[in-house]
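Hi everyone, thanks for making time today. Let me put the structure up, and then I'll walk you through a few spots in it.

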Amino acid sequence: MGFTARANRQGVRAGAVVVAAAAAVAGTVWGVAALVEPGPARPENAARQTDTGGTGGGSDDGAKGGGDAKGGAQGAGDGDAPKSQIPDGIAHASESGGNAVNITIDDGPDPQWTPKVLEVLKKYDVKATFCMIGPQAKAHPDLVKKVVAGGHRLCDHTMNHDTAMDRKPVDYQEKQILDAKKMIEDAAGGGAQVEYYRAPGGAFTPDSRRIAAAHGMRPLGWNVDTKDFGKPGVAAIVNAVKSEMGNGPTVLFHDGGGNRAQTVAALDQVLAWLKDQGRPTGFPVRTAPDAS
C-alpha cells in the first residue's frame, strides 16, 4: 500500500474517533441537563387560580382557587422528612369524611382572642386547626401549649404573613416556612409537631408546597372564607358559612390581626348551627391525596 493510501486510511480512522467522542460528550451533556432541568419558570399560585376545587390557600384576602396538583413530597434531602409520605397537593377534605367540617383559625396566637376562641371550641367539644404566625407563637408559648393541650392541631402560617411571598426567591420562602415551624414547635414543647402549612393569602408555589411536605406539613387550603378579618358583622360572618358550606368542608376564621370579637360571637353561632344540622367536625386530611 502506498504512502498516500495509508495516510487516507489513517485520516478516516481519526475522523471516526473524533465523531464518536463528540457523540459521547453530547450524550453526557444531555443527560446532565435532563437531571437538573428546572420546573416551570412561572410561579404557581394555585390558591388564586379559579378552579372547581373550591377556595384555596390563606387568610384575609379571600383568595379564590384550590384544586392543585396532587402527589408526594419531593426533594427532602435534609433528613427531616417524616417516615410517612405527605402529599404536596393543597388539602381541603376532612379526615372524618362524609359531611364533617374542618374549623381553621389563622394569624394567632393572640393573648386576648385565642383564649376566647378556645372557650367557644370547648363549649361545643370541637377540635380546630390553628394556623400560627411564628413570632406570635414565640411571644405566647403559653397559648400554643394551651392549644395543643386542648387536642387541637398546629399549622405553620409563616413568619411575617407575606402575601407576596409567591413572588419571592425560593430561599426566602423556605426561611419563612421553616423558621416559623421551629418557633411554633419550640413554643409548644413536649414534642408537638406542626402538621400543616397555609400560605399567607393563598400564596402557594410548587416550591413552598414541596418544602412544607418534605418537612411533614400538608399544604392547607380552605373552602369557606368567612371574611371575618374585615369585621363585616356577626350576621354576615355566620351567613357566609351557611351560604358557602356547599363549596367544601374547610372553614376559615381568625384569632389574630386585630379585634376578633365578631369572630368569637360568630363562631359560637356557627358551631351551634352545625350541631343542630348534625354535622361533625374534624381535621383536614394529611397523608391521603385530596380529590377536591
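**Arginine 153 and its surroundings**

Let's begin with a side-chain pairing: arginine 153 and tyrosine 196 are joined through their side chains by a polar contact of 2.7 Å. By polar contact I mean a pair of N or O atoms within 3.5 Å, where, within protein, one must be able to donate a hydrogen and the other to accept it, and residues adjacent in sequence count only if both atoms are side-chain atoms.

Before going on, a word on the source: this is a predicted model, in which local features need pLDDT of at least 70 and side-chain atom pairs count only at pLDDT 80 or more, while totals for chains, interfaces and linings use all residues. Residues are numbered from 1 along each chain as its sequence is written, and side-chain values use heavy atoms, with hydrogens and water left out.

Back to arginine 153, which sits in strand β3, residues 153–156; strands here are DSSP E runs of at least two residues, and helices are H or I runs of at least four, numbered from the N terminus. Is arginine 153 buried or exposed? Its relative accessible area is 17%, so it is buried (under 20%; exposed is over 50%, partly exposed in between, with a 1.4 Å probe and protein chains only). Setting aside neighbours within four places in sequence, its contacts (heavy atoms within 4.5 Å) include Glu95, Phe130, Phe283 and Arg286.

**Two helix pairs**

Now for the helices. α2 (residues 114–123) and α8 (residues 261–276) have axes that come within 10 Å and cross at roughly 10°. That makes α2 roughly parallel to α8, a label for angles under 35 degrees; over 145 is roughly antiparallel, 65 to 115 roughly perpendicular, and the rest oblique. Among the residues meeting there are Val117 and Leu121 of α2 and Leu267 and Leu271 of α8.

The axes of α5 (residues 170–188) and α6 (residues 206–214) also come within 10 Å, crossing at roughly 40°. So α5 is oblique to α6. On the α5 side the contact includes Gln173 and Ile177, and on the α6 side Arg210 and Ile211.

**Backbone spots to check**

Most residues other than glycine have a negative phi, and most peptide bonds are trans. Which bond here is cis? The one from glycine 108 to proline 109, with omega near 0°. Histidine 161 has a positive phi, near 50°, and is buried at 18% relative accessibility. Lysine 231 also has a positive phi, of about 50°, but is partly exposed at 43%.

Methods. Axes fitted to C-alpha atoms, helices over the stretch in contact; angles between N-to-C directions.
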